[in-house]
Amino acid sequence: MKKLIFSLAFLVTTFSQAQNNTCYWQQHVDYDMDVDMNVENYRYTGTQELVYTNNSPDTLTKVYYHMFFNAFQPGSEMDRRLQDIKDPDSRMVNNKGDRQNPDYESRIAKLSDDEIGYLRATSLTQDGKKVETEDQETILVVHLAEPILPGKSTTFKMEFEGQVPVQIRRSGRNNADGVALSMTQWYPKLAEYDFEGWHADPYIAREFHGVWGDFDVTINIDKDYLIGGTGVLQNPEEIGFGYEEEGTKVKRKGKKLAWNFKAEKVHDFAWAADPEFIHDKLETESGVTLHFLYKDDPKVTEAWKKIQPETAKLLAFFNEHIGPYPWPQYSVIQGGDGGMEYAMCTLITGGENYNSLLGTTAHEFAHSWFQQLLGTNESEHPWMDEGFTTYISGLAQKTIKENSGNPTAGSYRGYNYIATSGLEQPQTTHGDRYDINTAYSIAAYSKGAVFLAQLGYIIGQENLAKTLNRYYDEWKFKHPTPNDFIRVAEKVSGAELHWYLTDWTETTNQIDYAINSVEEAENGTKVTLERKGLMPMPVEVTVTLNDGSKKLYYMPLRMMRWEKPAKGDVERIVEEDWPWAYPTYELQIDTPKADIKSIEIDESQLMADVNRSNNTYGQVDSE
Ligand SMILES: [Zn+2]
């Protein structure tokens, strides 16, 4: 009996552990911060009260804070990597050579003590007890005074001090556009602990992952500075600058103003400040207020005015094609060094080129869904936020500009370049671990966008559109993984799709289907097709006859156990499915060879075939 009881107990424990491993959970944070900024020397001090709730099934004895600004110091991991990578980010280096023979110098390595960035905790307690900490550059390791049990909350109180670095990347002072303060990655930020463990990634180059919660942030700054950022301003009548309701009398007191922002259910907090910002407000039909903050500079003001109604159209597009934007406001702010997404706001440089400003705004705004709301881990799965954003913002711009053409054509070209260059690494590579920046960018942005566009080829455009809506419904305010996304696509379409996720994202296997031969046969024509690449795909072949009529032959991929719904007015013939292991396939066409003008594999060009030169027979009209 004892033995039986033991094994029963063993079964119960393993069963409950198995449940813990598969159930979704996420931590929760509530930040209350008060910071004081010195605009003369770019130093700031702050207090932070952080209530941390452990929703994991695990007892925690350590936590980690990101101290991002410490990356902007000579000798940091970010500096070292910048010196070693073959194609460094041009914003972060000086080129002492020329374009042909570059000789890069890390800008971080050249920073003096009063130009570097830093962020230090000067005191830290947990529920009133002092904790031990270890500085590991951009990560602060905290050995807890008391373990945090599953389901319990604890309160950390920290005093911190920081210095805003000279603008190098994303954050900093006095960027190229002359914006005084781009305050992103600026506060001690608790690292995420989720179902995949701790994510205390050092800040080397790539992007972020965070814990959702509520932020209450007060920023004390010289009264001439105008702030835009995450959250809703709580005291507009004391601040003014266009935040107050029309007709309100603004009562400003003292040399500094205390700007109090509140933001709910976000995993980051960013802001920018400048004494020369213009602030415009636009109320949209959906009830979301759009704010625009940009320099009073005649070179850029026209473009910054012109993007305002377009941003409202983007909002309406994303609301419909992904799901409703859930926060009360969004701010498009001039700052940073290109474009970067943050909670309820973005920092974007430029404005001299309107199209580029609109393109960046569309991209960064789309990140409010694919990252801020559908919070994928940007370090581990960069293609899920960058690729999805590239895809949907391309579609949105095509719609609002009423352009025809494939908005992801550039992404297909980028993917084709890297796939055939020998430099490609799989998309499962950690964002920091790509050999060169180009391989990262193309894997994340281009190959990520092609992932979705090509999924439209595999399951049909209607199923893809439904997948995006359901992905939003099931995963908003959570951390979805690649598998979570493909499961939604499977449930929406009914097709088996795991092969697609595996081959496309975890390998560098390529798609290459070819027309090997076209021969006269007894009852028409025999077309021999070949799979030359390792990656499987369902295959569509368009046959155009001399009279201009078209027939579409569809060969389902056997491992999908599924057939794509027919669409459009072209006659479609569903053939026997194609089992992957067979390299060739004989397609019988009941038309004499002499009547055939051309044959083409994948006329839609949505299948990312690396060699399209073997996809055609005869004279194919190019559109
Ligand atoms: Zn992006």
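Is Cys345 buried or exposed? Cys345 counts as buried, at 0% relative accessibility. The notes below take up this and other features of the model, which is predicted.

1. **Cysteines.** Cys345 is buried because its relative accessibility is 0%. Cys23 has a relative accessible area of 43%, so this residue is partly exposed. The count of disulfides in the model comes to zero. For orientation, a disulfide is a covalent bond between the sulfur atoms of two cysteines.

2. **Aromatic pairs.** The count comes to 52 aromatic pairs. One of them joins Tyr44 and Phe69. Where do the two stand on burial? Tyr44 has a relative accessible area of 2%, so Tyr44 is buried. Phe69 has 0%, so Phe69 is buried.

3. **A second pair, farther along.** Tyr65 and Phe156 also form an edge-to-face pair. Their ring centres are 6.3 Å apart, and the planes stand at 80°. Tyr65 lies in strand β3 and Phe156 in strand β10 (residues 153-163), so the pair ties together parts that are 91 residues apart in sequence. Both Tyr65 and Phe156 are buried.

4. **Lysines over tryptophans.** Which ring does the charged end of Lys447 sit over? That ring belongs to Trp504, and the distance to its centre is 4.8 Å. Lys478 lies over the face of Trp475, at 5.5 Å from the ring centre.

5. **Strand β16 and its partners.** Strand β16 spans residues 213-222 and is mostly covered. Seven of its 10 residues are buried. Strand β1 (residues 28-38) runs parallel to β16, and eight bridges join the two. Within this pairing, Asp30 stands opposite Asp214 in β16. Strand β19 (residues 256-266) also pairs with β16. Here the strands run antiparallel, with nine bridges between them. Asp222 has Lys256 in β19 as its bridge partner. As background, in a regular strand the side chains alternate between the two faces of the sheet.

6. **The β26–β27 hairpin.** How many residues lie between β26 and β27? Two residues separate the strands, which form a hairpin. Strand β26 covers residues 513-521, and strand β27 covers residues 524-531. The two run antiparallel and are joined by eight bridges.

7. **Ser493.** Ser493 belongs to helix α11 (residues 482-493). Its relative accessible area is 12%, so Ser493 is buried. What does its side chain reach? The backbone oxygen of Ala489, at 2.7 Å. Leaving aside neighbours within four places in sequence, Ser493 is in contact with Ile459, Asn463 and Trp562.

Definitions and conventions:
Residues numbered from 1 in each chain as written. Predicted model: local features only at pLDDT ≥ 70, side-chain atom pairs only at ≥ 80, totals over all residues. Heavy atoms only, no water. Phe/Tyr/Trp six-rings, centres within 6.5 Å; stacked < 30°, edge-to-face > 60°. Buried < 20%, exposed > 50% of the residue type's maximum accessible area, 1.4 Å probe, protein only. Helix = DSSP H or I, 4+ residues; strand = E, 2+ residues; numbered from the N terminus. Lys NZ or Arg CZ within 6 Å of the ring centre and 35° of its normal. Pairing = 2+ DSSP bridges. Disulfide = S-S within 2.5 Å. Polar contact = N/O pair within 3.5 Å; in protein donor to acceptor, adjacent residues only side chain to side chain. Contact = heavy atoms within 4.5 Å.
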